[in-house]
Amino acid sequence: MNYYFHVLGKYAVFSGRASRKEFWLFWLVNLIISVALALFEGINNLFPESNESVLTSVYALAVLLPTFAVGARRLHDTGRTGWWQLIAFIPLVGAIVLI
């Protein structure tokens with residue numbers, strides 16, 4: 001959890017570097033929180049008129065900037081610029097090239 005809060009503490013810091021452990025633990029905690037929110041919403045039937053998880057969407061929007069920031073810092077650690085993240089939006093090939 002320290003890595004997760006460390007990334008949130010650097011909310012919009014795109015300079016510097018992020019270790020592999022910091023990056024992947026942030027993603028793991030994000031995944032766990034998103035699944036927990038979706039399950040909580042589904043079990044309690046909070047928004048029955050919506051097909052999507054509202055809580056998960058709000059959470060994803062809240063951590064959008066820190067996610068891009070830690071991604072840019074991780075790419076700096078691999079010798080690339082943060083703009084390389086945009087290649088992930090190319091269908092089918094983008095994520096493979098980025099990894």
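In this predicted model, helices α2 and α3 pack with their axes 7 Å apart and at an angle of about 150 degrees; because angles over 145 degrees count as roughly antiparallel, the two helices are roughly antiparallel to each other. The protein that holds this pair has five helices and zero strands, and its elements follow the pattern α-α-α-α-α when read along the sequence.

**The contact of α2 with α3**

- On the α2 side, the contact is made by Asn30, Ile33, Ser34, Leu37, Ala38, Phe40 and Glu41, and these residues meet Val54, Leu55, Thr56 and Tyr59 of α3.
- By residue class, the contact of α2 with α3 divides into seven nonpolar residues, three polar residues and one charged residue.

**The largest pocket**

- The largest pocket holds about 760 Å³ of space and has a lining of 24 residues, among which Phe23, Trp24, Trp27, Gly71 and Leu98 lie nearest its centre.
- At least two residues of this lining come from each of α2 (20-44), α3 (54-62), α4 (64-77) and α5 (94-98), and α2 gives the most, with seven residues.
- The lining of the largest pocket is made up of 15 nonpolar, six polar and three charged residues.

**Two residues in their surroundings**

- Arg73, which is found in helix α4, has a relative accessible area of 1%, and Arg73 is therefore buried, since that value falls under the 20% cut-off.
- Leaving aside residues up to four places away in sequence, Arg73 touches Val7, Lys10, Val13, Phe14, Ser15, Gly16, Arg17, Ala18 and Glu22.
- Leu25, which belongs to helix α2, is partly exposed, with a relative accessible area of 31%, a value that lies between the 20% and 50% cut-offs.
- Leu25 and Pro48 are 23 residues apart in sequence, and their C-alpha atoms are 32 Å apart in space.

**The protein as a whole**

- Taken along the principal axes, the C-alpha atoms of the protein fill a box of roughly 45 × 35 × 20 Å.
- Of the 99 residues in the protein, 24% are buried.
- When contacts between residues at least 6 apart in sequence are considered, 53% of them join residues that are at least 24 apart.

Conventions. Residues numbered from 1 in each chain as written. Predicted model: local features only at pLDDT ≥ 70, side-chain atom pairs only at ≥ 80, totals over all residues. Heavy atoms only, no water. 1 Å grid on protein atoms, 1.4 Å probe; cavity = no way out; pocket = protein on both sides within 12 Å on 5 of 7 lines; lining within 4 Å. Points joined across faces, edges and corners; volume = space filled by probe spheres on them. Helix = DSSP H or I, 4+ residues; strand = E, 2+ residues; numbered from the N terminus. Nonpolar A, V, L, I, M, F, W, Y, C, P; charged D, E, K, R; others polar. Axes fitted to C-alpha atoms, helices over the stretch in contact; angles between N-to-C directions. Parallel < 35°, antiparallel > 145°, perpendicular 65-115°, else oblique. Contact = heavy atoms within 4.5 Å. Buried < 20%, exposed > 50% of the residue type's maximum accessible area, 1.4 Å probe, protein only.
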